[in-house]
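Subject: Structure for you to look at

Hello,

Here is the structure I promised to hand over. Please open it alongside this email; my notes follow below.

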Amino acid sequence: MRRSASFSVTKALAAAFSGLPAAWAGAGLALLLLWALMTGGPLVATYFHTFWVCVAWIFALCLAKLMSVGALYRTALFGKDARKAGLGIGGLQIGAPELRLVVASLLAGVFFALIAGAIGIVFTVMLRMNEVDLYHGGAWTVAGAIVASAILLFVVLKFTLLHAANIAQSKLVVLNALGLSSGQVGKLFAGIVILVLPFALICAGLAHHFAPEIRLAHALPYPWMNQRMTLLLQGGLLFLNIGLLLPLLTGFFASAYRQIENIRAQ
């Protein structure tokens, strides 16, 4: 009898933390490039606020994010064989897996948009049938918004193993990724909350702690001080999220994917 796939959240979290050194070694340059581009965003907007420079910055940012995700998943999924799977020096590589990530993400985005549009139509029709105003519907509108948000969050969680599947397999995976997370949405959500919540609290705490200094820098007639405060705070927070949170999340999803695939193969 075929067993239903079920993964261990604690095992996936342990793999994510234990895999941090390997993730930094495998994707260090790509992560550093991504951090530099995101941190330098305000400078680009301030000193080079031309259309084509902004377009070039956005393209470079997307490329760095794509390389980082590809490198992190190769490292987490293949370990010592990551080089054979196309891992570049420091995580700087663009290959077929990255192209599959782009196509799969676009198709998943289209699917999500269709679901969101269908929910919006159903919600609007229900309000009209009950003669409830769309913008002043009170409890009806709030309840509908909560239900719609819950459904959309569920759809997003169903696609959380999309990137892992596309890197691990030598084919394009889109809707098949929904089957991988079948019955595992609660566990995936729990793992995400466990990893993201501490970083969210740290970011909120640092922003609150440095709020007086930031307001003072804005009040003083010294643009360089204002920019320095902004860059220091933004750069520090981005360093935490790119250097720690992103590798932890990819390691968690990679371990969950491997566990599910191993159980299904039994």
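Leaving aside neighbours within four places in sequence, which residues is Gln-259 in contact with? They are Phe-7, Ser-8, Lys-11 and Ala-12. Contact here means heavy atoms within 4.5 Å. Gln-259 lies in helix H11, residues 223–265. Gln-259 is buried, at 9% relative accessible area. Buried means under 20% relative accessible area, exposed means over 50%, and partly exposed is in between, with a 1.4 Å probe and protein chains only.

Before the rest, some ground rules. This is a predicted model, where local features need pLDDT of at least 70, side-chain atom pairs count only at pLDDT 80 or more, and totals for chains, interfaces and linings use all residues. Residues are numbered from 1 along each chain as its sequence is written, and side-chain values use heavy atoms, with hydrogens and water left out. Helices are DSSP runs (H or I, at least four residues), numbered from the N terminus.

Salt bridges

The structure holds two salt bridges. The term means a side-chain nitrogen of Lys or Arg within 4 Å of a carboxyl oxygen of Asp or Glu.

One joins the side chains of Arg-74 and Glu-98, at 2.3 Å from N to O. Arg-74 sits in helix H4 and Glu-98 in helix H5, so this pair ties together parts 24 residues apart in sequence. Arg-74 is buried, at 1% relative accessibility. Glu-98 is buried too, at 0%.

The other joins Lys-84 and Asp-81, at 4.0 Å from N to O. Lys-84 is exposed, at 76% relative accessibility. Asp-81 is partly exposed, at 42%.

Helix H4 and what follows

H4 covers residues 51–78, which makes 28 residues. At 1.5 Å a residue it should span 40 Å, and its end C-alpha atoms are 40 Å apart, so the two agree. The expected span is 1.5 Å times one less than the number of residues. Gly-79 follows H4, and its phi is positive, near 60°.

Ile-89 is found in the loop between H4 and helix H5 (96–129). Ile-89 is exposed, with a relative accessible area of 67%.

Best wishes

Key: Helix = DSSP H or I, 4+ residues; strand = E, 2+ residues; numbered from the N terminus.
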